[in-house]
Each structure stands twice: as structure tokens, then as C-alpha cells.
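This report describes selected local features and the packing of one protein model. Please read it alongside the sequence and structure shown here.

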Amino acid sequence: MESPFALVTGGSSGIGFAIATALAKRKFNLVLVSRDMVKLQVARKALEAFEVRVELLAFDLSTEGAATEIADWCVANSISVKILCNVAGIGGAGDYLSLSIADTRYMIHLNTDAAVALTYCLLPLLRKSSPAYILHVSSLAGMAPLQAKNIYSATKSFLLFFSYSLRYQLKSDGISVSCLCPGPVFTKPGIESETMAKLGWLGKRLAVPVAEVGETAVRQTLRGKMIIVPGRLAYWVSVLMRLAPANFFNWLYHALRVHKAPAAGKR
């Protein structure tokens, strides 16, 4: 009997590839979804070393109809999806006031609509594979409003609250819902420099290697944990963020930025 499949969006690189690797180690077959077929093919070559089947789908998940096409392909190819990992998303250094409205809408569509649509379209397959699992990838930034990452933190907050409610809606179907909320993950040089510029030494201490993020995410998803925060310091920061008033970290960031700003007239 063929092993069940895990479908991973954004699976060609970064956190998505790390999650796919952790799943392949556990002998899950994989469906990787990403925009870039070349990157997908590179990822497949690495993952097939674990002797699993790896299928590739090149889609821009922000486009209308992508989720339906992916679900239809799974049905047509008898893919028994047991785990859905909604990883695809976009961050970047720019945000709301510095981005065009087109870029802002793209971030909203990719970070939220894609996960909602794909979850909905794949629910019939997940129910057939019960016990099954859904993993949404949010962020520590989703636990508080952050003026430096306004739209990004808002989209990640959406995924967090969506996961909370969905977990109880699907409990009777034997589908467990988890939400990964990592701190900084230096998957690209630009992410590290941006984090250091905004958070300094704290950002570096909060960072967790991407392979560890993927392993922790898969291990705790299969254990049925709801909120997954890799790294000890990041975990305790997440506890504080959930306990503190919603606007506390927004105020703190503003206070620190004002304190760091050079005095008027000085160079």
C-alpha cells in the first residue's frame, strides 16, 4: 500500500522545503506547490533521496481558481492527502505606506486567501484520510500588531485566529489543525540584515535554523499541538505577546525607534 501524501505549498525553498524534508524523513510522499518549476525540480531531487514519491505543481496561489485546480488534480491522480501544509507567503522589508496598493493586495491574497481556499478545497480528501492534519504557517508577528510590518502581521494574525476556530470545527472529522509561529528564520541574507536592523541582538537570539523549524513543525503537528513556536526564547516571547495588551509591542517598538533616532541638527 502506498504511503499517504503531504501537500506543501511554498515547498521548493525556505520553511516549506524544511517541512517537506521532515515529512520525507517520516516516509510521507509529497506534493510540492510553488510558482517556480525549476526550484521545484531541484527540491524534488533532494527529497527523493529519502525514497519517497514527489509530485510537483507550479501555481501562483494568489490567483483565483488555483486551489480548485490543485484539488481537482489530486482527485484525478488518486492522491490521498493526509497532511496539508499551507506555507506559501510573502514578507519583505516594505509595508503598507511604502508599498503600492497592488503589492499590498498581492501580500493579502497570498498570505490569507490561498490558505483559506486550499483548505476548503482539500477538506474532502483530508476527511477520507482521517486522522489527518492541517498546518498553517503564521509568525510571532501574528501575535501582536506591529507598525513596522503592518500588513504582514495582520495577515499572519488572520492565519492564527483562523487556525484556532478551524481546529474545533474539524475536531469531529478527525482532522487536527496546527499553527506554526516562528520568530526570525534566516532563509535569505536580506531577512537577516532586516531583522538585525529592526531588532538588533534580540533578533539574532530569537532566530532558529530553518531545518530545526521544519522538524519542530512536523513533529508537533503529528502530536496534535495547536500553537507551535520553535526555539525556547521565541516560545517565552510568544507567551508574553499573548498575555500583554494588544498594543503594548506596538508602543514599545515606537518608543525604541524614537529613542534611537538622532537628535535634531546632529549628523
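Lys 27 lies in the loop between α1 and β2; helices (H or I, at least four residues) and strands (E, at least two) are DSSP runs, numbered from the N terminus. The model is predicted, so local features need pLDDT of at least 70 and side-chain atom pairs count only at pLDDT 80 or more, while totals for chains, interfaces and linings use all residues. Residues are numbered from 1 along each chain as its sequence is written, and side-chain values use heavy atoms, with hydrogens and water left out.

**Backbone features in loops**

Lys 27 is not a glycine, yet its phi is positive, near 70°. A positive phi is also found at Ser 78, again a residue other than glycine. Ser 78 belongs to the loop between α3 (66–76) and β4. The table sets out the two residues; buried means under 20% relative accessible area, exposed over 50%, and partly exposed in between (1.4 Å probe, protein chains only).

| Residue | Phi | Relative accessible area | Class |
|---|---|---|---|
| Lys 27 | near 70° | 42% | partly exposed |
| Ser 78 | about 55° | 62% | exposed |

Ser 130 and Pro 131 are joined by a cis peptide bond, with omega about 0°. Pro 131 is located in the loop between α4 (101–128) and β5. Most residues other than glycine have a negative phi, and most peptide bonds are trans.

**Nonpolar cores**

A nonpolar core is a set of buried Ala, Val, Leu, Ile, Met, Phe, Trp, Tyr and Cys residues joined through side-chain atoms within 4.5 Å. The largest one has 30 residues, of which Val 8, Ile 19, Leu 23, Leu 30, Leu 32, Cys 85 and Leu 180 touch the most other members. Elements that each supply at least two residues of this core include β1 (5–9), β2 (29–34), β4 and α8 (210–222). The greatest contribution, six residues, comes from α1.

Contact means heavy atoms within 4.5 Å. Beyond its neighbours within four places in sequence, Leu 23 is in contact with Ala 6, Val 8, Phe 28, Leu 30, Ile 83, Cys 85 and Val 218. A second, separate core of 28 residues includes Phe 5, Ala 71, Leu 126 and Ile 175.

**A buried polar residue**

Asn 86 is in strand β4 (residues 81–86). This residue counts as buried because its relative accessibility is 5%. Its side chain makes a polar contact with the side chain of Thr 119 at 3.1 Å; such a contact is a pair of N or O atoms within 3.5 Å, and within protein one must be able to donate a hydrogen and the other to accept it, with residues adjacent in sequence counting only if both atoms are side-chain atoms. Apart from neighbours within four places in sequence, the contacts of Asn 86 include Thr 9, Ala 115, Leu 118 and His 136.
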